[in-house]
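User: I would like to learn how to read a sheet and the helices packed on it. Could you take me through an example?

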Amino acid sequence: MKGISIGGGLADLCKSTTLIKISGFVFISIIFFYLGKHFSDSSTQQLVFFSSQQSSDAQTTSSSAAVALSPNANKTFDVSSLVNNTASSPSPQNTGNEPKQALSPPPPPPALQRMGVVDENGKMTDNFEVGEYDPELVENWTKTNESEGFESDGKGDKIRVRVKKFPLCPVSMREYIPCLDNEEAIKKLNSTEKGERFERHCPEEGKGLNCLIPAPKGYRTPIPWPRSRDEVWFSNVPHARLAEDKGGQNWITIDKDKFKFPGGGTQFIHGADQYLDQIEKMLPEIAFGKHTRVALDVGCGVASFGAYLLSRNVITLSVAPKDVHENQIQFALERGVPAMVAAFATKRLLYPSQAFDLIHCSRCRINWTRDDGILLLEVNRMLRAGGYFAWAAQPVYKHEAALEEQWKEMANLTSRLCWTLVKKEGYIAIWQKPFNNSCYLNREEGAQPPLCEPDDDPDKVWYVDLKACISRLPEEGYGSNITAWPERLQTPPDRLQSIQFDAYISRKELFRAESRYWKEIIEGYVRVLHWGKYKLRNVLDMKAGFGGFAAALIENKLNCWVLSVVPVSGPNTLPVIYDRGLLGVMHDWCEPFDTYPRTYDLIHAAGLFTVEKRRCNISTIMLEMDRILRPGGRVYIRDSLTIMDELQEIGTGLGWHVALRDTSEGPHASYRILTCDKRLIRA
């Protein structure tokens, strides 16, 4: 009975799950042991199965508890060091009489080299490398014609390639403006009577600029503002003709190795300051720096009118054609005064309607009454509702028969435009534009010039012919009810509502968000990249949006001016830029820009290339940037990471010193900042 009971217990045990679990555990243990021994034997650093502090003779005892000998049985390890990583690599101790051999410590980790403006924690820092620069690059530019770059092989890896360096242009092209110096196209014009030769005639595809514009012999770093208002280096603009022609009118004189600017003009030989005092005394309502913030000076000479208005918080765009006084705009830019090459001829100027609070013409040599006043109608389009037109010319004050007839024609035309002659004193006459359309609508039937058709867009300016009609003012009063300076800089203007773009939230909120965005970025540039120490004066923003970049520079008190460019490929935000009290222009970056070489100290492009690469040749755009950038100038490109490799290659081919940096969002952001420095390259 008892034996049967024991036998039954064994059978129950065999049937139980306990035996199955034990067998499975033993089986798995054997498998793991086998795998561990296999990999330990096949690796240079053998696996550690257990830790022991046993003596050297422990392996000879028969009481060893090891199931099998580990390949590391002759070595001892400090497990705590391995687990806690508090010690360097474990030092094996030899058994028996073998001499002890200490292992050398591992090499220190490589130093972290930061090429961006944020640290490994994503914070802005001023502890970073700017990269190396080889000074022989400048001296030996013409001796080599290739530079190394990288491009993708399509598999996510980069391969080294050779990028052709751009050659130097002939010395004769040192002041070349592609769309204004196209002699081949100018010769084909049917007529030049109305100034057609001074308008844009860009080279055909394949015939554009393909070399680097050299600087004049003896070129020097420009004199910084505000000294540059009164003097510039002769070697930077080596043209004496203007001084010879206009020296007696106090425009410009030569003094040893410099040009000096006494501040006079043809109609204000006693100086621009005295002239401006006279205008403000004639018409206190003009209120320079408050009511009047943005001005246009037509036929500007060397831009002394605009240069002296800057001290009164008025920013003036000085324009003139590249005519017999072809270097007047170049002198203005070298002085650090906002200026562009532009002509009143047959096409609209590239500025929006109601852009300027004041338009000024002092002996500007323009016949305003020709062709039924079509040129003055263009002035009317650009003049803000309630704005002023100041004309200083001989017909205002001389009593010769021909000049008196010109005055009668001008008075008649301005009357039909509903302008009011608010003041005529000495040699200056000032008119005011109406605030709304009521005067136009109350004119006699058939009055000339007529109102433009309701579907005419007065802000459409890219290659648009002049129109012999009066541009209508918005019925809502947009453009006429802006706030005074400086409040208007950050006040969302009414013309936000007229911009054609998709907005899913309040346009005013978009405006404020852009302003905050650029304010934070520029504050970071000033703090980390030390923009406050740069001698920035002439600045170009290639894709301006609402003008937040320019506004941020003003708020950070950087002593510079910005020309905000609105590309034709995006929404036309120029009216908003001017309503803020800033300067801007329309442009297509597939074509060259209307300014002289060596114009800007800083060129800024945010999100431009990602958009324009679908339409334009990226190399052509960057070559144009090099043309208008001063030696020693800087380029900041803020764009998608996907296009940065191509931009870096082209920048290297241009001879720029390029560096790729992280944005404030950190190293994992999809955007990067490419900073470029242009060096003085000698022919």
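**Reading a helix on a sheet**

Analyst: Helix α10 lies across β6, β9 and β10, and runs at about 135° to β10. The model is a predicted one.

User: Which strands form the open sheet, and in what order?

Analyst: Seven strands form it, in the order β8-β7-β6-β9-β10-β12-β11, with mixed pairing. The edges are held by β8 (339-341) and β11 (420-425); each has a single partner strand, so one side of each is left without a neighbour in the sheet. From one strand to the next, the twist averages 20°.

User: How many bridges join β10 to β12?

Analyst: Five, and the two strands run antiparallel. Ala392, for instance, has Ile428 in β12 as its bridge partner.

User: What should α10 span, given its 13 residues?

Analyst: Helix length is checked at 1.5 Å a residue, which gives 18 Å for residues 370-382; the end C-alpha atoms are 18 Å apart, so the two agree. The helix does bend, by about 25° at Leu376.

User: Is α10 mostly covered or mostly open?

Analyst: Mostly covered: eleven of its 13 residues are buried, among them Ile374, Leu375, Leu376 and Leu377.

User: Which helix lies across β7 and β8?

Analyst: That is α9 (residues 328-335), running at about 155° to β8.

Methods:
Residues numbered from 1 in each chain as written. Predicted model: local features only at pLDDT ≥ 70, side-chain atom pairs only at ≥ 80, totals over all residues. Heavy atoms only, no water. Helix = DSSP H or I, 4+ residues; strand = E, 2+ residues; numbered from the N terminus. Expected span 1.5 Å × (residues − 1). Bend = angle between axes of the 7 residues up to and from the residue. Buried < 20%, exposed > 50% of the residue type's maximum accessible area, 1.4 Å probe, protein only. Pairing = 2+ DSSP bridges. Axes fitted to C-alpha atoms, helices over the stretch in contact; angles between N-to-C directions. Contact = heavy atoms within 4.5 Å.
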